[in-house]
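Please read this note with the model open beside you.

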Amino acid sequence: MKLAGVVLAAGLGKRMNSSLPKVLHRLHGAPMLHYVVNTLNTLRPQKIVIVIGKHGKEIREVMQDTGIVSFAEQRQAKGTGDALLKAAPALTGFKGTVIVVNGDTPLITPDTLKKFLSLHERKRNDISLLSFTAKTPGSYGRIIRDERKQILSIIEDRDATAIQKKITEVNSGVYALEIEALDLLNEIPLNRTKGEYYLTDIIHIAREKGMKAEAFRIGTEDEFIGVNTREELEKAKQFMKERIINILQDKGVIFLDPHSVFLSPEVLIGRGTTIYPNVHLEGRTAIGSNCIICPNVRIQDSTIGVGAVVKDSTLIECSVLKKNASVGPFAHIRPGSEIGEGARIGNFVEVKQSVIGPRTKASHLSYIGDAKIGKDVNIGAGTITCNYDGHTKHTTVIEDNVFIGSDTQLIAPVSVGKGAFIGAGSTISRDVPSRALAVSRTAQKNIEGWAIKRQLRVKSSKLKVKELRKR
Ligand code: UD1
Ligand code: CA
């Protein structure tokens with residue numbers, strides 16, 4: 001089947017009461033419109049036309065990198081029928097089926113659309129409509145069928161009689177039309193109630209002309225939610241979250257409290273991984289199997305290797321944790337970092353754009369920035385790489401098997417050779433050769449009996465004060 005997609009996104013979205021275009025409101029990190037276009041993309045259409053209006057510029061900016069997408073303008077929001085008419089010039093020369101989707105229905109699944117299109121094709125319809133049963137039909141258009149159960153028309157809620165309002169079969173806003181059927185758009189009359197041209201009227205017009213129009217009732221209510229209000233946006237977020245969590249649970253991921261977890265739809269998690277409460281996994285984060293992600297952890301666009309542990313209250317940004325690495329509690333892994341296999345990054349340690357080798361440990365209170373650290377290195381408590389001289393960032397290199405004593409400052413650019421030792425409390429400003437010991441603190445001086453002398457001094461001065469007061 002030759003396919004083109006049209007997304008209607010030129011409405012004013014008044015019911016959102018927001019300066020942001022409705023279709024750019026976000027669900028779990030991505031704008032609604034992204035979900036709609038991604039779903040259409042899975043059908044491999046030849047092109048996708050997004051109809052944009054008053055807020056077109058903002059929508060173009062957000063959607064321009066989405067591959068085969070092009071834009072059609074509807075300068076005045078004169079209704080969904082007019083919006084599709086405005087997309088028609090962008091489809092000139094196209095022969096085949098056009099699938100139309102509203103930009104405010106982000107939860108529709110590729111599976112449902114595939115089923116719908118294959119029914120449309122099999123029945124050789126001129127126009128097909130995707131309908132569903134709504135528990136509360138609310139503002140959805142009602143499907144009117146004749147005594148032979150054939151669709152006659154769609155009546156919008158605001159135009160429906162009390163009896164029609166009770167109909168629970170409603171319009172999802174998804175249509176499949178043979179390209180020739182687009183000609184009918186010119187015949188849609190102005191709806192007087194709202195002053196708009198309703199795309200829904202195309203069904204009635206097609207039936208009157210004896211064309212083949214049919215409504216297929218497939219899919220579940222949750223996936224067709226149309227987001228018109230903030231309340232509906234919250235509902236959509238909730239449904240999407242439940243969907244993501246259900247998929248992951250089926251794949252063997254353990255959520256201790258799924259309600260408190262935030263997950264982007266792109267997140268991948270392996271089998272046997274445990275996610276504690278209040279964990280945020282954002283962007284394209286991939287977590288291997290058998291990991292433990294403790295409470296209050298936020299991970300953005302990062303890859304976490306098999307068996308890794310991320311302990312409480314840790315933030316990981318655009319970084320990689322290799323197999324069996326452990327990070328946290330209270331650690332900050334900043335962009336561009338790689339924590340090696342079995343490495344340990346502990347309490348209050350910040351790592352920035354650094355490579356930490358396998359089995360290396362930095363367990364307490366450190367800053368590691370712009371560093372390349374080899375394997376089996378021990379970074380003592382309170383060690384700091386001084387990477388910034390006020391103008392430029394410099395690199396610290398620490399080779400394999402180095403031992404860095406606690407409270408060391410490494411003034412970059414500097415390197416520490418294989419197997420070297422650094423005495424605690426040192427300020428290292430020159431390279432340390434392999435297997436050397438570097439110490440830079442002043443030698444310790446012990447003054448015997450100093451405390452006793454001090455005590456005597458204090459006593460005699462207190463006596464003097466007393467005597468002075470007596471006078
Ligand atoms: C529409 C349908 C309704 C259906 C519901 C499903 C019509 C008349 N009604 O109602 O039967 O049950 O969707 O969610 O079609 N848009 C434009 N230009 C316009 C007006 C709207 O591009 O001039 C776009 C909007 O940005 C939106 C989509 O079309 O993405 C639907 O418009 P909306 O106003 O939300 O229609 P509903 O009242 O929800
Ligand atoms: Ca809507």
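1. Start with ligand 1. A backbone N or O atom of glycine 11 lies 2.8 Å from an oxygen atom of ligand 1. Leucine 8 also brings a polar backbone atom, 2.7 Å from an oxygen atom of ligand 1. For lysine 78, the distance from a backbone N or O atom to a ligand oxygen is 3.3 Å. A polar contact is a pair of N or O atoms within 3.5 Å; within protein, one must be able to donate a hydrogen and the other to accept it, and residues adjacent in sequence count only if both atoms are side-chain atoms. There are 23 residues around ligand 1, and Gln74, Gly79, Thr80, Glu156 and Asn171 come nearest. To be counted there, a residue needs a heavy atom within 4 Å of the molecule.

2. Keep the ground rules in mind. This is a predicted model, where local features need pLDDT of at least 70, side-chain atom pairs count only at pLDDT 80 or more, and totals for chains, interfaces and linings use all residues. Residues are numbered from 1 along each chain as its sequence is written, chains are lettered from A and ligands numbered from 1 in the order in which they are written, and side-chain values use heavy atoms, with hydrogens and water left out.

3. Which residues coordinate the calcium ion? Asp104 (OD) and Asn228 (OD1) do, at 2.2 to 2.4 Å from ligand 2. Aspartate 104 sits in the loop between strand 6 (97–102) and helix 4 (110–122), and asparagine 228 in the loop between strand 13 (213–217) and helix 7 (230–250), so the pair ties together parts that are 124 residues apart in sequence. Donors are N, O and S atoms within 2.8 Å of the metal (3.2 Å for Na, K and Ca); water is not among the atoms, so sites may look incomplete. Helices (H or I, at least four residues) and strands (E, at least two) are DSSP runs, numbered from the N terminus. Both aspartate 104 and asparagine 228 are buried. Buried means under 20% relative accessible area, exposed over 50%, partly exposed in between (1.4 Å probe, protein chains only).

4. Look next at the largest pocket. It holds about 1,000 Å³ of space. Of its 42 lining residues, Arg15, Lys22, Thr80, Asp104 and Asn228 are the closest to its centre. A pocket, on a 1 Å grid over the protein atoms alone, is an open set of points where a 1.4 Å probe fits, with protein on both sides within 12 Å along at least five of seven lines; lining residues have an atom within 4 Å of a point. Grid points are joined across faces, edges and corners, and a volume is the space filled by probe spheres set on the points. Strand 10 gives the most to this lining, with 4 residues. The lining of the largest pocket divides into 14 nonpolar, 19 polar and 9 charged residues. Ala, Val, Leu, Ile, Met, Phe, Trp, Tyr, Cys and Pro count as nonpolar, Asp, Glu, Lys and Arg as charged, and the others, Gly among them, as polar.

5. The second largest pocket has about 800 Å³ of space. Among its 30 lining residues, Tyr35, Asn38, Ser264, Pro265 and Glu266 are the closest to the centre. Helix 7 gives the most to this lining, with 5 residues. By class, the lining has 15 nonpolar, 9 polar and 6 charged residues.

6. Is helix 1 largely enclosed or open? Of its 10 residues, 7 are buried, so helix 1 is largely enclosed by the rest of the structure. The buried ones include Tyr35 and Val36. Helix 1 also supplies at least two residues of the lining of the second largest pocket.

7. Serine 128 belongs to strand 7 (residues 127–133). Serine 128 is buried, with a relative accessible area of 0%. Its side chain makes a polar contact of 3.0 Å with the side chain of asparagine 125.

8. Check the backbone last. Most residues other than glycine have a negative phi, and most peptide bonds are trans. Glycine 328 and proline 329 are joined by a cis peptide bond, with omega about 5°. Another cis bond joins alanine 412 and proline 413, with omega about 0°. Lysine 149 is not a glycine, yet has a positive phi of about 65°. Lysine 149 is exposed, at 61% relative accessible area. Cysteine 318 has a positive phi of about 40° and is partly exposed, at 39%.
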